[in-house]
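Me: I would like to learn how to read the features of a structure, one at a time. Please give the general idea and then the case at hand.

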Amino acid sequence: MTVQLLSPEGMFQPVPYHHVSIGTGTRHVHVAGQIARDAAGAPVATGDLTGQVAQALRNTALGLAGAGADFTDVVRLRFFVTRWSPDQMDAFLAGITSVADELGIPRPFPPASLIGVDYLFEPDVLVEVEAFAVLD
């Protein structure tokens with residue numbers, strides 16, 4: 001196994017992600033920010049944070065697969081969400097939960113950050129996901 005996920009004793013618990021990941025492989029995979037677009041570039045789930053999180057993660061899975069990886073190889077996820085406020089957390093987490101089994105996303109998740117931003121590159125984009133993985 002190239003990735004070990006852990007949350008050492010004394011760190012804030014419980015959280016929906018591990019605090020630490022250890023990658024022991026030699027190949028690093030960096031998946032650029034993925035958004036809610038289909039293969040033709042058409043918007044998916046316009047105005048729906050839950051749907052956009054799900055589609056962005058599906059696109060992330062495609063990027064990982066292209067490099068011979070999957071979510072079990074991920075050492076870090078980074079989410080950017082437009083106009084973030086804490087009342088969006090349920091919708092955000094629902095998007096992850098809706099595809100976690102489908103995409104093989106471990107639970108708790110790999111270390112993750114959720115960063116609120118004013119806007120992303122197009123006005124309909126509510127979320128962008130970056131993934132970092134390690135392979136043998």
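Me: Where is the place of Pro14?
Reply: Helices and strands here are DSSP runs (H or I with at least four residues for helices, E with at least two for strands), numbered from the N terminus. Pro14 sits in the loop between β1 (3–6) and β2 (20–23). The peptide bond leading from Gln13 to Pro14 is cis, with omega near -20 degrees. This is a predicted model, in which local features need pLDDT of at least 70 and side-chain atom pairs count only at pLDDT 80 or more, while totals for chains, interfaces and linings use all residues. Residues are numbered from 1 along each chain as its sequence is written, and side-chain values use heavy atoms, with hydrogens and water left out.

Me: Which residues does another cis peptide bond join?
Reply: Most residues other than glycine have a negative phi, and most peptide bonds are trans. Here Arg107 and Pro108 are joined by a cis bond, with omega about -5 degrees. Pro108 belongs to the loop between α2 and β5 (112–117).

Me: What is phi of Ala45, and what is phi of Arg83?
Reply: For Ala45, phi is near 60 degrees, a positive value in a residue other than glycine. Ala45 lies in the loop between β3 and α1. Arg83 also has a positive phi, near 45 degrees, and is placed in the loop between β4 and α2.

Me: Is Arg83 buried or exposed?
Reply: Buried means under 20% relative accessible area, exposed means over 50%, and partly exposed is in between (1.4 Å probe, protein chains only). Arg83, at 52%, counts as exposed. Ala45, at 24%, is partly exposed.

Me: Which residues of the largest nonpolar core touch the most other members?
Reply: In soluble globular proteins, nonpolar side chains tend to be buried together. A nonpolar core is a set of buried Ala, Val, Leu, Ile, Met, Phe, Trp, Tyr and Cys residues joined through side-chain atoms within 4.5 Å. The largest one in this model has 28 residues, and Leu57, Leu64, Phe71, Phe79 and Ile105 touch the most other members. At least two core residues come from each of β3 (27–34), α1 (49–66), β4 (74–82), α2 and β6 (127–135). The largest share, 7 residues, is that of α1.

Me: What does Phe71 touch?
Reply: Contact means heavy atoms within 4.5 Å. Residues up to four places away in sequence aside, the contacts of Phe71 include Leu57, Thr60, Leu64, Leu103, Ile105 and Pro110. Thr60 itself lies in helix α1 and is buried, with a relative accessible area of 0%. With neighbours within four places left aside, Thr60 is in contact with Val31, Gln34, Phe71, Val129 and Ala131.

Me: At what angle do α1 and α2 pack?
Reply: Axes are lines fitted to C-alpha atoms, for helices over the stretch in contact, and angles run from 0 to 180 degrees between N-to-C directions. For α1 and α2 the angle is about 35 degrees, and the axes are 7 Å apart. Among the contact residues are Leu49, Thr50 and Arg58 of α1, and Ala91, Glu102 and Leu103 of α2.

Me: Where is Ala91 found?
Reply: Ala91 is in helix α2 (residues 89–103). Ala91 is partly exposed, at 27% relative accessibility. Beyond residues up to four places away in sequence, Ala91 touches Leu49 and Thr50. Ala91 and Leu103 are 12 residues apart along the chain, and 18 Å separates their C-alpha atoms.

Me: How many salt bridges are there?
Reply: A salt bridge is a side-chain nitrogen of Lys or Arg within 4 Å of a carboxyl oxygen of Asp or Glu. The count by this rule is 5. One of them joins Arg58 and Glu102, at 2.9 Å from N to O. That pair links distant parts of the chain, Arg58 in helix α1 and Glu102 in helix α2, 44 residues apart.

Me: Which residue forms a salt bridge with Glu130?
Reply: The partner is Arg78, with the closest N and O atoms 3.1 Å apart. Glu130 is in strand β6 and Arg78 in strand β4, so the pair ties together parts 52 residues apart in sequence. Glu130 counts as buried, at 18% relative accessibility, whereas Arg78 is partly exposed, at 24%.
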